[in-house]
Amino acid sequence: MAHHGRLSSLLALLLLVNASMAFYLPGVAPHNYKKGDLVPLFVNSLTPIVSSNSQLKSVISYDYYYEPFHFCQPEGGPQKQSESLGSILFGDRIFNSPFQIHMLEDTECKLLCTTPAIPKEDADFITERVKENYAINWLIDGLPAARNAKDERAEGDEREFYGIGFPLGYASAEKDYVNTHYLIQIKYHSREDDNYRVVGVVVLPTSSNNKEENGKVSCAPNGPYQFQYDNKDTITYTYSVQWIESTTPWATRWDNYLHIFDPSIHWFSLVNSIVIVLFLTGMVAMILLRALHKDISRYNAVDAQEDVQEDYGWKLVHGDVFRPPTRAMFLAVLVGNGAQLLAMAGVTLVFAVLGFLSPSNRGSLATVMVILFMIFGSIAGFVSARVYKMNGGEAWKANVALTAVLFPGIILGELFGLNFFLIASHSSGAVPFGSMVAVLALWALISLPLSVIGSYFGFRKPRIEHPVRTNQIPRQIPDQPFYLRTIPSILMGGLLPFGAIFIELYFIMNSIWFHRIYYGLGFLFLVYSVLILTCSEITILMCYFHLCNEDYHWSWRAFLTSGASGFYVFLYSALYYFTKLDIGSFTGTVLYFGYSAIISLLVTVMTGAVGYVSTLVFLQRIFASIKVD
């Protein structure tokens with residue numbers, strides 16, 4: 001019966017994965033248009049994309065109306081649109097535009113504007129952005145304007161999908177050309193009562209050497225536009241609009257954007273992770289059920305006999321195993337913040353898998369993560385206080401302050417530092433001063449007080465008692481074999497948790513740096529669960545080996561063994577940089593490795609907390625089960 005229960009649970013999880021690949025709640029109410037209604041087109045930041053058989057050449061985004069681009073502006077100047085905190089933090093900068101698009105009204109070759117004379121340095125700037133494969137990003141009815149793309153790696157599947165954004169221009173062997181004419185194809189779905197809904201937006205840009213005469217322009221093929229770099233270049237921008245009826249209902253209009261590249265690789269990732277967990281579970285089960293059970297029975301049988309026999313094995317260290325570690329304060333703070341990150345990631349993924357974080361609600365994922373991180377400051381305070389008190393700490397005021405300030409301060413400090421690089425490069429990704437103040441206010445008004453409250457309740461709880469007494473004089477630790485020494489054992493232990501996630505990590509990094517929508521959230525949720533299991537099991541396993549060799553310094557080693565997975569994440573980021581990216585600027589390189597370091601630090605602290613708590617529970621259980629005089 002138990003076997004059938006486990007099988008049905010596994011099947012339910014796999015069904016959840018399949019469902020979450022395509023299921024989401026729309027997030028915003030549909031907008032019904034009548035024939036002739038104005039359909040606003042909003043512009044967003046320009047971002048680098050990857051064209052076929054090329055590498056990403058930049059990580060810096062630019063405002064659409066950044067002066068060197070000389071794009072046409074609406075009457076009265078661009079007006080910024082309201083955005084969520086997460087949308088701003090992730091670099092969205094949305095403005096109105098001069099495009100006039102009306103429901104079901106096709107437009108042929110409409111003049112947008114002719115730019116003033118473009119200085120040579122601006123022409124050079126635009127040309128460099130064309131060479132770096134920058135894309136223009138528009139929004140119509142909440143949908144990103146897309147380009148038609150094909151998954152070249154998907155065998156036997158020629159179905160096209162939508163790649164977000166369309167090229168600023170294109171490069172040939174001799175020249176670089178700027179796209180000057182935009183064919184905007186808008187797909188619509190008919191409803192009753194002559195209502196219509198937008199269900200798809202594709203832009204087909206071309207480079208044409210248009211010339212305006214008396215307010216009119218011809219879009220006949222006139223050769224591609226190229227700069228003369230003589231401070232006299234002008235660009236005449238034009239656009240056409242085509243309305244195409246579609247059978248796609250509004251509720252599934254995002255499906256073409258949510259393309260999962262080669263789902264079989266995701267399945268391989270999941271199977272790979274599950275195999276690692278099954279292997280570790282088998283090892284841990286063998287130790288718990290065979291070796292530990294045999295040890296405990298033997299220890300207790302020896303104690304029952306009259307004749308005195310010497311202790312051996314892991315029982316030898318019973319008087320030292322719960323000795324407080326060095327730098328107990330710092331360890332408690334890191335474990336508390338790791339528990340905070342674990343809760344934030346888990347709850348965010350649950351919301352995402354249930355469909356509450358729709359891509360149509362821009363920035364919702366980042367907003368929820370920031371708010372949950374602030375709220376779960378209470379967990380950080382509580383866990384840190386409990387661990388610190390258990391280890392005999394008395395400087396409770398310092399513990400409260402460090403838990404609330406140290407780790408969030410390091411993360412915010414590094415983010416603010418990287419923000420100065422973004423400001424210096426005139427990137428739209430630079431977080432505005434007002435948003436920086438808002439994040440600090442959230443931390444000061446929500447996270448800080450909740451962390452203090454959590455610490456208060458943590459210190460009020462009685463101290464966690466250990467099942468055995470600690471000797472006054474520390475036991476001498478014998479020389480350890482090479483593979484059980486500190487650094488080799490930590491590096492070996494961190495490999496398995498990283499091995500459980502590295503394939504999914506590849507897709508996450510593609511999503512971050514290539515500006516793709518990541519939507520394999522069912523896979524990610526299961527991989528997250530597998531990561532927690534792997535961290536727990538590998539630290540328990542390594543701790544048992546160390547105890548059998550009379551090495552009782554487990555606290556920091558348990559934290560760092562599973563936390564070493566974050567170190568491998570950083571190494572993988574470096575490998576990704578040299579194999580997938582071709583960033584030529586110093587600023588771009590600093591930004592890439594800066595953000596990679598932050599991600600690696602977050603992974604280290606989160607997985608380290610899992611390893612420490614798992615090992616603590618394991619040791620409490622096994623030493624409570626033996627008789628000690």
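Predicted model: local features only at pLDDT ≥ 70, side-chain atom pairs only at ≥ 80, totals over all residues.
Reader: Is strand β13 mostly covered or mostly open, and how many of its residues are buried?

Author: Mostly covered: in strand β13 (residues 196-206), eight of the 11 residues are buried. Buried means under 20% relative accessible area, exposed over 50%, and partly exposed in between (1.4 Å probe, protein chains only). Strands (E, at least two residues) and helices (H or I, at least four) are DSSP runs, numbered from the N terminus.

Reader: OK, so how does β12 pair with β13?

Author: Strand β12 (residues 181-190) pairs with β13 in the antiparallel sense, over 10 bridges; pairing takes at least two DSSP bridges. Tyr188 has Val198 in β13 as its bridge partner. Five residues sit between the strands of this hairpin, where Asp193 takes a positive phi near 60°.

Reader: What does Ile184 touch?

Author: Beyond its neighbours within four places in sequence, Ile184 is in contact (heavy atoms within 4.5 Å) with residues including Val201, Val202 and Val203, plus Trp138 and Tyr239.

Reader: New topic: where's Phe356, and is Phe356 buried or partly exposed?

Author: Phe356 lies in the loop between α5 (328-353) and α6 (364-375). Phe356 counts as partly exposed because its relative accessible area is 47%.

Methods. Residues numbered from 1 in each chain as written. Heavy atoms only, no water.
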